[in-house]
Number of protein chains: 2
Amino acid sequence: MPGTDRNYLALNSMAAPPYQQLEQEFRRLHAIQGALAVLRWDAAVMMPRGSAEVRGEQLAVLETEYHIVLTAPKISRLLERAQANAAGLQDWQLANLRKMRRQRDHAIATPQALISRLARATARAEAKWLEARQQNSFAMFAPHLEEVVLLMRDKAALLGQALDLQPYDALVDEFSPGVTTQDIDTVFRALSRKLPTLIKQAIELQAASSLLPLAGKFTAGKQRQLAIEVMKAVGFPFDRGRLDESEHPFTEGVPGDIRITTRFSPTEPFTGLLGVLHESGHAMYDLGLPAAWRDQPVGRDRGMALEESQSLLLEMFMGRSRSFVNYLRPLLEKHFAVSGPAWSEVNLYRHLNRVQRSLIRVDADELTYPLHIMLRYDLERRILAGDLAIRDIPEAWNAFMEQRLGVRPGSDLEGCLQDIHWAVGSFGYFPSYALGAIIAAQLWESLHASVADIDEHIAAGRFAGMFAWLREHVHGIGAKVSLQELMKQATGKSLSAAALLRYLEAKYLEV
Amino acid sequence: MPGTDRNYLALNSMAAPPYQQLEQEFRRLHAIQGALAVLRWDAAVMMPRGSAEVRGEQLAVLETEYHIVLTAPKISRLLERAQANAAGLQDWQLANLRKMRRQRDHAIATPQALISRLARATARAEAKWLEARQQNSFAMFAPHLEEVVLLMRDKAALLGQALDLQPYDALVDEFSPGVTTQDIDTVFRALSRKLPTLIKQAIELQAASSLLPLAGKFTAGKQRQLAIEVMKAVGFPFDRGRLDESEHPFTEGVPGDIRITTRFSPTEPFTGLLGVLHESGHAMYDLGLPAAWRDQPVGRDRGMALEESQSLLLEMFMGRSRSFVNYLRPLLEKHFAVSGPAWSEVNLYRHLNRVQRSLIRVDADELTYPLHIMLRYDLERRILAGDLAIRDIPEAWNAFMEQRLGVRPGSDLEGCLQDIHWAVGSFGYFPSYALGAIIAAQLWESLHASVADIDEHIAAGRFAGMFAWLREHVHGIGAKVSLQELMKQATGKSLSAAALLRYLEAKYLEV
């Protein structure tokens, strides 16, 4: 070769040990996931409307590349060899190896052809779901949901076989590793025993106190300024993240580039801000993950139940507390130029914690919310098992609502057409929301026991102590230990509904 | 398998014919390129400042995946088998096969280890180039440029061997397939003979006419509104594209999702708008590419010289014409609330077509611009051949400027530190700019011969006739025929500098 004395071909000849090669392969997977995150964020926030088809192809190809790399024989060979030479590995590396194996097992259990069919079926079903909502016609959506359910049933069966789990448990395991229907049933039973009475009592108590309406001009620009001030106080790093607007709030990205969105309602100041708090909870979790392992499976989040706990901790437990209202009131006055008795701390607190027997899950208060989840959990298990026919979903939904919450949807739009989850094949996800509340309550209790004066800190807009505790006991652990182990180490107790029930009783029965 | 009668594994068993399999593989490559385009656009326009490292990893991994797919033995096998069964293929498919082979040849000629080294070396050199510019110190940049040059010399040699071309020709071939130094030398000789006298005469003529300064308030918001009005008139589809701001104007994306950027200067109204016209030229080319082949190599652009011709056609030939000034004047009055003799068509035309012996390429007028390119072309060939040492670049640069343009840089900032191209390894790119002007002039001449009343159309803000002609003779051809063939079919003539010289003489020597 003229003009050079380099031998480019010799550079790769020294192979690293199997575990280090695995880290390299998963670094590659992490980068593909990061690229996918940017493409999804862009699709929801920046992409021109007519470019959806082009973007769909890009997403499908990168997802396939990801699957090809993860299920290649090379990874399986390296996993075996690394396991055989595991003696010299550190604890976190052993945990990493376990997570790598689990990801491979999940990926390899689902054939590429099934993944492709599911991708197409869910894309169709999602479009039809949007149409069906516009027409308020479940019948229009039903055959497409049927197709998704048939494929999801296959997926659940294949995953269950591979992981030695019941089919539905295998789907839950994808979102929240190690969580079973037995765990979920236990906590849901505890909630079922107490919540109906608690809801009744809270509504009666609240009916006795007056609620002044909140009037003012809440432009998106002003709401955005308020949101940014709160995000900065919370510690959101704007040099490694963004806030934008989208139709539904979400968090997307990887640690090092985390982007949240919200939607500002022009008629009231809370929806947008609470969306920001919710997504900031996700973002702060991701930003607090162990930096040294950030491109490895062990450095990622410990499942969706824990993810949801971090968003609910900020949106519900902190964001609707008396101390946060103390902090928020002068900010509302400043940004919206409002004042008077309607903007008193007492009245703001009442607005933020109103209990209502309502029909829409995402608008539900924290007291009725678990019932919305139990409904979906009950139905989706019966749908997958074939015990509930697709055409019978609306009636089953409405009957449950009437029986358990005391309100009956006037239409499917307020009933079984309200959530996107089943259309996109997210069976097994709903329990994460309720488990998130349970985890959040348990962490909130420990936070108060461990961090002195935490309420005074929050009232003063000082959040550093809270996040230091969360980083030490939750965020910084990554996926090194199981969810159950993490909870025991962080709170001294196993996962149970007790803390949530204590929290709800104390909050909603206070006189 | 319980609960299903599908056999997912059997779905891929029927293999398509080799050519169709190749189309499938290149569709995959096209999607990866599209994903890379979104990641690069985001990095320049949206990404938080602190996320550069994370993004760098994502780009590097996707570029490697692209290279792995393109150089896999599978592609080579399919190319051979498709060639052996080429009898039944259509013309465009045969052209596609040739482009596929060429892409594979280019990719396979450069070992992955050299690509990685170049990626690291150019990343370092780019950062050092920015630093060196701040310090106005070529010495600080020199060792990093040296490293890039050594690697580029290897790349040129390897590419040359594989493609049976001289090393520098092989680099030019990457950007503008089929263009050789012999072609470039011929047109540059023709320009060299005429331009010096022409520049002298034009400057003398212009000195005789007065130029009134343009005063006004040109906020970015108003400039953006003007730009969008012009883009809409030109036919830019905002449902499949965007306009944003960035430090340097660029076009990024794929047909179906094309995004352009510009930079608005607060002190004058033209830089931002001309940037928009330039990038709209690229975007309209990409949007006009044959839709049916859009994810295949034959459906892509016919090289960078033709790309630059399309941007220059809008920015220079159309955008600085008397008829476009007719169209633009009332828009300037409307958007900036300006009036008076400074905003007359005559004075605006003079501003847009001022000839100056200046030092910075990107600010140069169309008469002196080719000399800036000849300088770089001359130097980069000598650098690659080892005939010009890195440390001698500043003096060679300054001597050329003094001799050929009559101005000498006061510092390297105004000299050899002004362009990013060599830092990022883009040797062989510069000729595309001058070739672009030559091609644009030849097309502009044919456009005027073919489209009746084109000047009246432009003056009236009607651009449909112009783009219909371009779509038929340039955009819609994609890469089906060579650049030379395309020019012969579109203009009836081979590529030559004659049309550009006729255009420049007619425009700048008119009294």
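Q: Two residues are in contact if their C-beta atoms, placed from the backbone, lie within 7 Å; on that basis, which residues in H16(B) meet which residues in H19(B)?
A: Helices (H or I, at least four residues) and strands (E, at least two) are DSSP runs, numbered from the N terminus. Here H16(B) contributes Ile439(B), Gln442(B), Leu443(B) and Ser446(B), and these meet Met487(B), Ala490(B) and Thr491(B) in H19(B). Residue classes take Ala, Val, Leu, Ile, Met, Phe, Trp, Tyr, Cys and Pro as nonpolar, Asp, Glu, Lys and Arg as charged, and the others, Gly among them, as polar. The contact of H16(B) with H19(B) accordingly has four nonpolar, three polar and no charged residues. The model is predicted: local features need pLDDT of at least 70 and side-chain atom pairs count only at pLDDT 80 or more, while totals for chains, interfaces and linings use all residues. Residues are numbered from 1 along each chain as its sequence is written, with chains lettered from A and ligands numbered from 1 in the order in which they are written.

Q: At what angle do helix H16 and helix H19 of chain B pack, and how far apart are their axes?
A: Axes are lines fitted to C-alpha atoms, for helices over the stretch in contact, and angles run from 0 to 180 degrees between N-to-C directions. For H16 (residues 431-450) and H19 (residues 483-491) of chain B, the angle is about 25 degrees and the axes are 9 Å apart. Angles under 35 degrees count as roughly parallel, over 145 as roughly antiparallel, 65 to 115 as roughly perpendicular and the rest as oblique. H16(B) and H19(B) are therefore roughly parallel to each other. A crossing is left-handed if the near helix is turned anticlockwise from the far one by less than a right angle, and right-handed if clockwise; that of H16(B) and H19(B) is left-handed.

Q: How do helix H8 and helix H14 of chain B pack?
A: H8 (residues 181-207) and H14 (residues 369-385) of chain B have axes 11 Å apart and an angle of about 130 degrees. That makes H8(B) oblique to H14(B), and the crossing is left-handed. Ile184(B), Phe188(B), Leu191(B), Ser192(B) and Leu195(B) of H8(B) make the contact with Pro370(B), Leu371(B), Met374(B) and Tyr377(B) of H14(B). Its classes are eight nonpolar, one polar and no charged residues.

Q: How many residues does each chain give to the contact?
A: Chain B and chain A give 45 residues each. On chain B, the elements with two or more residues on the side that touches chain A are helices H1 (18-45), H2 (52-70), H5 (112-135) and H6 (138-163) and strand S1 (241-245). H1(B) has the largest share of that side, eight residues. By class, this side of chain B has 23 nonpolar, nine polar and 13 charged residues.

Q: Which domains does the assignment give for chain A?
A: Bounds of this kind come from an automatic or database domain assignment. For chain A they are domain 1 (13-109) and domain 2 (167-511). Taken over C-alpha atoms, the centres of these domains of chain A are separated by 29 Å. In chain A, 18 residues of domain 1 are in contact with 17 residues of domain 2. H1(A) gives the most to the domain 1 side, with 10 residues.

Q: What is the mean pLDDT of chain A?
A: pLDDT is the predictor's confidence in each residue, from 0 to 100. Chain A has a mean of 94, with 97% of its residues at 70 or more. Over residues 1-5 of chain A, pLDDT stays under 50. For the complex, the predictor gives an ipTM of 0.92 and a pTM of 0.93.
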